[in-house]
Amino acid sequence: MTRALVFPGQGSQAVGMGKELADAFPVAREVFQEVDDALSQKLSALMFEGPENELTLTENAQPALMAVSLAVTRVLEKEGGFTLTDKCDLVAGHSLGEYSALAAAGTFAISDAARLLKIRGQAMQAAVPVGVGAMAALLGLDYVDAVAVAEEAAQGEVCTAANDNASGQIVVSGHKAAVERAIEIAKEKGAKRAVLLPVSAPFHCALMQPAADRMAEALGAVTMNAPGKPVVANVTAEKTDDPETIRKLLVEQVCGTVRWRESVLYMKEQGITDLVEIGAGKVLTGMVRRIDRDLSGTAVNGPTDIEAFLGAL
């Protein structure tokens with residue numbers, strides 16, 4: 001079996017995330033403390049206890065999700081002797097999850113990843129005034145049809161395919177009026193459902209350019225090593241292990257489409273048979289079978305999952 005580790009993005013957060021890990025494993029508590037110290041913020045208390053409305057703020061959700069993913073990774077390494085370089089062939093992450101993947105593979109220090117994601121969350125939120133942008137899920141249309149819907153809906157405004165998550169599961173992003181037009185056009189073109197998403201900003205579209213500029217500055221100031229295993233980048237759906245290429249692609253990722261479906265299919269072409277989701281929730285695991293039924297997906301996020309996964313190695 002050839003394995004890739006994949007790391008979840010925004011939307012997988014929930015109050016209580018990481019609490020079982022912290023209670024069970026000292027190394028998980030160390031990761032959460034490292035993130036708290038890096039941010040000068042008790043992010044772990046927010047993760048464990050809420051309130052939910054604060055945890056779901058982009059600037060908190062992004063480093064919090066990374067923290068859980070890295071805590072799981074460290075527990076696997078410490079408790080099970082799981083070494084990423086020996087036990088997997090590729091890493092990938094969905095949007096902010098790409099930072100988690102890179103931190104797990106040794107490109108970033110955990111503290112640097114936490115600070116970068118805090119900046120990324122703040123910059124993405126600040127890029128567009130609340131109410132100006134929106135995102136919508138178009139369910140039941142393929143990517144090509146969703147792109148056509150977005151182009152028709154734009155009418156001089158921004159409306160683009162932001163996430164190609166799985167066949168029939170595309171997200172569009174842009175100006176609110178354009179996204180609302182896309183919902184109506186998608187329904188006319190046979191979408192099973194087309195709904196606005198409860199997000200605070202229009203991620204992964206051209207309106208995020210101010211955030212991309214801020215991330216270029218932040219990433220330029222951080223030391224980056226070659227990852228222990230290649231990362232499959234969101235914006236190219238291909239692998240790379242060159243730090244300068246990774247730096248450039250992380251900037252492009254802010255405005256670019258998250259090509260997750262293509263990334264998963266690319267991993268299959270590279271010989272991957274098993275995708276292991278490391279961190280909060282099971283969103284990516286649910287997508288795996290929608291993308292390709294030949295692939296196996298496993299979610300590892302709590303002590304029980306960790307024990308089962310290590311036992312099966």
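My entries follow, starting with the ground rules.

**Ground rules.** I'm working with a predicted model, where local features need pLDDT of at least 70 and side-chain atom pairs count only at pLDDT 80 or more, while totals for chains, interfaces and linings use all residues. I number residues from 1 along each chain as its sequence is written, and side-chain values use heavy atoms, with hydrogens and water left out.

**Domains.** I looked up the domain assignment of the chain: domain 1 is 3-127 + 207-312, and domain 2 is 133-200. Those bounds come from an automatic or database domain assignment. I get 26 Å between the C-alpha centres of the two domains.

I also checked UniProt, where an unreviewed entry places "domain: Malonyl-CoA:ACP transacylase (MAT)" at residues 6-303. UniProt positions are in the numbering used here, feature names are shortened, and annotations may be inferred rather than shown by experiment. I find that span to be 52% helix and 15% strand, with its end C-alpha atoms 18 Å apart. Helices (H or I, at least four residues) and strands (E, at least two) are DSSP runs, numbered from the N terminus.

**Where the domains meet.** I count 14 residues of domain 1 in contact (heavy atoms within 4.5 Å) with 14 residues of domain 2. The two bury about 1,100 Å² between them, 44% of it on carbon and sulfur atoms; this is accessible area (1.4 Å probe) lost on being put together, summed over both parts. Which residues of domain 1 lose the most area to domain 2? They are Leu207, Arg261 and Arg290, together 47% of what that side buries.

Next, the charges. I find 1 salt bridge between domain 1 and domain 2, taking a side-chain nitrogen of Lys or Arg within 4 Å of a carboxyl oxygen of Asp or Glu. Aspartate 164 and arginine 261 meet in a salt bridge at 2.8 Å, N to O. On the domain 1 side, helix 13 (260-269) and helix 14 (283-291) are the elements that give two or more residues to the part touching domain 2.

**Other salt bridges.** I count 16 in the structure. One that I looked at pairs lysine 189 with glutamate 152, at 3.8 Å, N to O. Lysine 189 sits in the loop between helix 10 (176-188) and strand 6 (193-196) and glutamate 152 in helix 9 (residues 143-154), so the pair ties together parts 37 residues apart in sequence.

I noted a cis peptide bond from glycine 50 to proline 51, omega near 10°. Proline 51 is in the loop between helix 3 (43-49) and helix 4 (52-55). I also noted serine 40, a residue other than glycine with a positive phi, near 50°; serine 40 lies in the loop between helix 2 (26-39) and helix 3.
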